[in-house]
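Subject: Structure handover

Hello,

Here is the structure you are taking over, with the sequence. Please open it first and keep it beside you while you read the notes below.

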Amino acid sequence: MANLKDDVLAALAGVASPDGTPLPATGKLSEIVAGDGKVFFSISVDAAAVKQWEAVRARAEAAVRALPGVASAMVALTAERTAPPSSPAGRDVPRPSAAAGGAGPRGGALAGIPGVAAIIAVASGKGGVGKSTVAVNLALALGDLGLKVGILDADIYGPSLPKLLAIRERPQIAGGTRLKPILRHGLAVMSIGFLVEEETPMIWRGPMVISALTQMLREVEWGALDVMVVDMPPGTGDAQLTMAQQVPLAGTVIVSTPQDLALIDARRGIAMFRRVNVPVLGIIENMSSFICPQCGARSDIFGHGGARAEAERLGVPFLGEVPLDIVIRETSDAGQPVVAAEPDSPRAQSFRAIAARVREGLTAASRRPAPKIVIEA
Ligand code: ADP
């Protein structure tokens, strides 16, 4: 692995920056993550100089890709840019102002993704609460409402979409370096899991997470989308905060189980998004009550209703509940999410009701004035 890194640096020494300095001497390279034939790094540049650097980025990527032993290379430019107006997808779409440029904590506007009207994050304070399951079914249910929907798996530490949607193929390359999303059940899908093997150890560090996310957002042919659902990594650490600042979010939904502990984590999640001025569209209570697989009877083993009470306390909308239901797990494991597999079932209905509230929330968020920018030290 160390050798591959050295080879990469040697190859990059042959790539000149706009002022002629060899790339490794510019001080703009992030750490290089190399392993298993895959290489990732980012170049951080001034927002004003992005145009000149794009050619350098492309040359760097080509130079690394040409190395023996390199199967794939991802090089991303990272810079804060002023948002161009996002082009609407051309239907009755919520178009929150934040979608074209959510404000980062330092007040920098984030560039929207051309053609994508609104981006919503599905987040959770901790792992294992069913965030990815909810994200994919919510995306499908939004699609059933007639919206054109994409889903981006930003859960770089544990990408779930390849499994949840039974996607084994790799995305195709379009126009040189851009990736085409994979289409499933009408959704445009992109996941870091398509680009790395399941067994690959996740040695991502902070800057790599950002560059991979940036690439998945900006170098994918998303086309015209009404809504992009982003399955965020769990937790509220630096990586999540940084992601919330990288992606111009129209709003976020927080997934929680009814247990107190999960709710405490959900509270942290809400506080984090508020800190970066991302509207919280609401809380979803997952694994709300238990549906007996034999008799269909419902029991509230986890203290159903905790999320609703918590949402009221925090002054955020309660978006709905999803039962703990073996069929939801089985359909997820089989790569056939329940909204697609059993569209007429009550389970699918619970996701559809949530999707309708999310859409209402987006529309309401689009009518609110742009968020006040907070300057932090
Ligand atoms: P996270 O993204 O929060 O880590 P996942 O979506 O991967 O969580 O879900 C964790 C596990 O719980 C998976 O096996 C999934 O199938 C299961 N699961 C999620 N939601 C439900 C539910 N409502 N009923 C039954 N199983 C569920």
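Predicted model: local features only at pLDDT ≥ 70, side-chain atom pairs only at ≥ 80, totals over all residues.

Residues are numbered from 1 along each chain as its sequence is written, and side-chain values use heavy atoms, with hydrogens and water left out.

Asn286 has a relative accessible area of 6%, so it counts as buried. The term buried means under 20% relative accessible area, exposed means over 50%, and partly exposed is in between (1.4 Å probe, protein chains only). A polar atom of the Asn286 side chain lies 2.8 Å from the backbone oxygen of Val129. That is a polar contact, meaning a pair of N or O atoms within 3.5 Å; within protein, one must be able to donate a hydrogen and the other to accept it, and residues adjacent in sequence count only if both atoms are side-chain atoms.

Other residues of β12

Met287 is in strand β12 too. Its relative accessibility is 22%, so Met287 counts as partly exposed. Met287 is not a glycine, yet it has a positive phi of about 55°. Most residues other than glycine have a negative phi.

Val280 is also placed in strand β12, and at 14% relative accessibility it is buried. Which residue lies 36 positions from Val280 along the chain, with its C-alpha atom 6.8 Å away? It is Val316.

Asn277 is in the loop between α7 (260-275) and β12. Asn277 has a relative accessible area of 17%, so it is buried. Like Met287, Asn277 is not a glycine and has a positive phi, here of about 60°.

The ligand

Which of the 16 residues around the ligand come nearest? They are Gly128, Lys131, Ser132, Thr133 and Pro323. A residue is near a molecule if one of its heavy atoms lies within 4 Å of it.

- An oxygen atom of the ligand is 2.9 Å from a backbone N or O atom of Gly128.
- A polar backbone atom of Lys131 is 2.8 Å from an oxygen atom of the ligand.
- A polar backbone atom of Pro323 is 2.8 Å from a nitrogen atom of the ligand.

On its own the ligand has 560 Å² of accessible area, and the protein covers 80% of that. Accessible areas come from the Shrake-Rupley method with a 1.4 Å probe; for residues, only the protein chains shown count as cover.

At least two residues of the shell around the ligand come from each of α3 (131-144), β12 (280-291), β14 (318-324) and α9 (326-333). By type, the shell has 6 nonpolar, 7 polar and 3 charged residues. Here Ala, Val, Leu, Ile, Met, Phe, Trp, Tyr, Cys and Pro count as nonpolar, Asp, Glu, Lys and Arg as charged, and the others, Gly among them, as polar.

The nonpolar core

The largest nonpolar core has 87 residues, of which Trp222, Met228, Val229 and Phe273 touch the most other members. α3 gives the most to this core, with 8 residues. Domain 1 (2-80) and domain 2 (119-367) each supply at least three of its residues. A nonpolar core is a set of buried Ala, Val, Leu, Ile, Met, Phe, Trp, Tyr and Cys residues joined through side-chain atoms within 4.5 Å, and the domain bounds come from an automatic or database domain assignment.

Asp226 lies in strand β10 (residues 225-231). Is Asp226 buried or exposed? Its relative accessibility is 0%, so Asp226 is buried. The Asp226 side chain reaches the backbone nitrogen of Lys148 at 2.7 Å.

Ser256 is in strand β11 (residues 251-256) and is buried, with a relative accessible area of 1%. The C-alpha atoms of Ser256 and Glu285 are 5.2 Å apart, although 29 residues separate the two along the chain.

The loop between α4 and β6

Arg168 is in the loop between α4 and β6. Its relative accessibility is 73%, so Arg168 counts as exposed. Its C-alpha atom is 7.6 Å from that of Phe194, 26 residues away along the chain.

Regards

Notes. Helix = DSSP H or I, 4+ residues; strand = E, 2+ residues; numbered from the N terminus.
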